[in-house]
Amino acid sequence: MNVFMITADQWRGDCVGYAGNNLIRTPVLDALATDSTAYLNHFAQAAPCSPARACLYTGLYQMNNRVCRNGTPLAARFDNIALAARRAGYDPTLFGYTDVSLDPTGKSPGDPDNTTYESVLPGFTTRLKLPEHEKPWLSWLRAQGLDFADKDAAHLPVGVPPGAISNAPPAYSAEQTQTAFLVGEFTRWLSEQDRPWFAHVSLIRPHPPFIVPAPYNTMYDPDDLPGFRREASFDAETAQHPVLDLMLRTGEASHFVPGSSALLKDLSDADYRQIKATYYGMVSEVDAQLGRAFDAIRARGEWDETLIVFTSDHAEMMGDHFALGKGGWFDESQHIPLLIRDPRQPGGRRVMGFTEAVDVFPTLLETMGVEPTHQPDGRSLTGRDGDTVVHWEFDFRDVSGQSIETALGLKSTQLNLAVIRTAEWKYVHFAALPPLLFDLRRDPHCLRNLANDPACMAARIEMAERLLSWRAEHLDQTLALTELTSNGVVRRQV
């Protein structure tokens, strides 16, 4: 059995046609969904990229893998998907990136691994690494006559001033995107394989900057898109919590709009609508390129011998709550797609219960027939209909710059939150800041904080106790489930 694991960076769970979005065009994934199990309430466990991927690759919650931010090392003692695939006899091969900071223990201070959060997850053979500077892609474009000084220049819009929010395309074409580059290298590698293979194609899109070539730049009319889930005014939104106030008032549009010097708080409703239209276009562009990859597998006659996993690391706020990017307690940041196509199982199944990114690791290991070397927090999805509760965490410390610590007057270890969500309630607990409680039956978009409402105190206590129980149950069990006895070592899995 071949294994094809695809991650598309920052893809929202409601931005696929098969999940009920009747506007967005994702025909390739919609077709795949008819032959797969679609997990429609699937959630990431952390953000941004490194913490989210640490949970995905290890099956451990952030409180156990302890990857708090981009740049936090992933301890070498943990198992991961690539190492497990290698134990199963595969040569797991990477196309793209894994956003892993390697454990610096025992390394020389001058080791280049100590200068980046973009090292490769241990266990992977790297066929094509595409880090944030995107130099391999830029050199590929250069060979085609497009010479850019750097990635920022490559993503500037053509025909409008830098920083303008419009549907203007970049200079590169739909056949020259990063996605096309990675998929092309995957298909070339695929033609060389003569044994069962494991490929991880890690796509950077629809991650910002938000710009996309024709025809995708005009595929969606901003006026046709649904409105935003947010308060009537920016000030009313920021009043919900001091963390939200800080993030929204200091957020810079340059992270999302090439050449911009504006702050997010200065963007208009029309600006947000155009950004959403561009994001939708980026989603459709990635969907089309995935069709090329799937066609290559079919052409080799291996479609019915290939397990396919499609997911994302985290999602994108896309203007909801006046925010862009990821992180925090809103579903829009953490609800992500998950399709698993196992040719041995009937397709077209829809799972409505909650599932979590940590569940992918044990699912793949079960499929490959290998045991983990640590106790994962996730559970195999095989045969499951999901759960009635979902959890995630977000750590917003700034270890090197201390900007958040200074702004909020707190220590780095106090700058984190944990979320527990059911169909009825969402409770958000902060280490050193006031909690949040939302009644999702009456307030599905989390606009009214009820944490201090006397009528909701019983619900707050119940959810806080459930969160505490979850954390107590999922303390790191790697050696806690091992006991040295007179008969030798006894190990358990739960």
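Colleague: Which residue in β7 is the bridge partner of Met 5?

Modeller: In this model, which is a predicted one, Met 5 has His 200 of β7 as its bridge partner.

Colleague: And how many bridges are there between β1 and β7, and in which sense do they pair?

Modeller: Strand β7, residues 198-203, pairs with β1 over six bridges, and the sense of that pairing is parallel.

Colleague: What about β8, how is that strand joined to β1?

Modeller: Strand β8, which covers residues 306-311, runs parallel to β1 and is joined to it by six bridges; within β8, Phe 310 is the bridge partner of Ile 6.

Colleague: Is β1 mostly covered or mostly open, then?

Modeller: Strand β1, residues 2-8, is mostly covered, with seven of its seven residues buried. Both of its faces are covered, with Asn 2, Phe 4, Ile 6 and Ala 8 buried on one side, while Val 3, Met 5 and Thr 7 are buried on the other.

Colleague: Which residues have the most contacts inside the largest nonpolar core?

Modeller: Phe 4, Trp 11, Phe 186 and Trp 329 have the most contacts inside that core, which has 96 residues. Helix α10, residues 269-299, gives the largest share of this core, namely 13 residues. Another core lies apart from it and has 34 residues, including Ile 81, Ala 85, Leu 121 and Leu 307.

Colleague: How does the lining divide into nonpolar, polar and charged residues?

Modeller: The lining of the second largest pocket divides into eleven nonpolar residues, nine polar ones and ten charged ones.

Colleague: One more topic: what is the strand order in the open sheet of four strands?

Modeller: The order is β12-β13-β14-β15, and the pairing is antiparallel. The edge strands, each pairing on one side only, are β12 (390-395) and β15 (436-439). On average, neighbouring strands of this sheet are turned by 10 degrees against each other, with direction ignored.

Colleague: And how many bridges join β13 to β14?

Modeller: Five bridges join β13, residues 416-421, to β14, residues 425-430, and the two strands run antiparallel. In β14, Tyr 427 is the bridge partner of Ile 420.

Notes:
Residues numbered from 1 in each chain as written. Predicted model: local features only at pLDDT ≥ 70, side-chain atom pairs only at ≥ 80, totals over all residues. Heavy atoms only, no water. Core = buried A, V, L, I, M, F, W, Y, C linked by side-chain atoms within 4.5 Å. Buried < 20%, exposed > 50% of the residue type's maximum accessible area, 1.4 Å probe, protein only. Nonpolar A, V, L, I, M, F, W, Y, C, P; charged D, E, K, R; others polar. Pairing = 2+ DSSP bridges. Axes fitted to C-alpha atoms, helices over the stretch in contact; angles between N-to-C directions.
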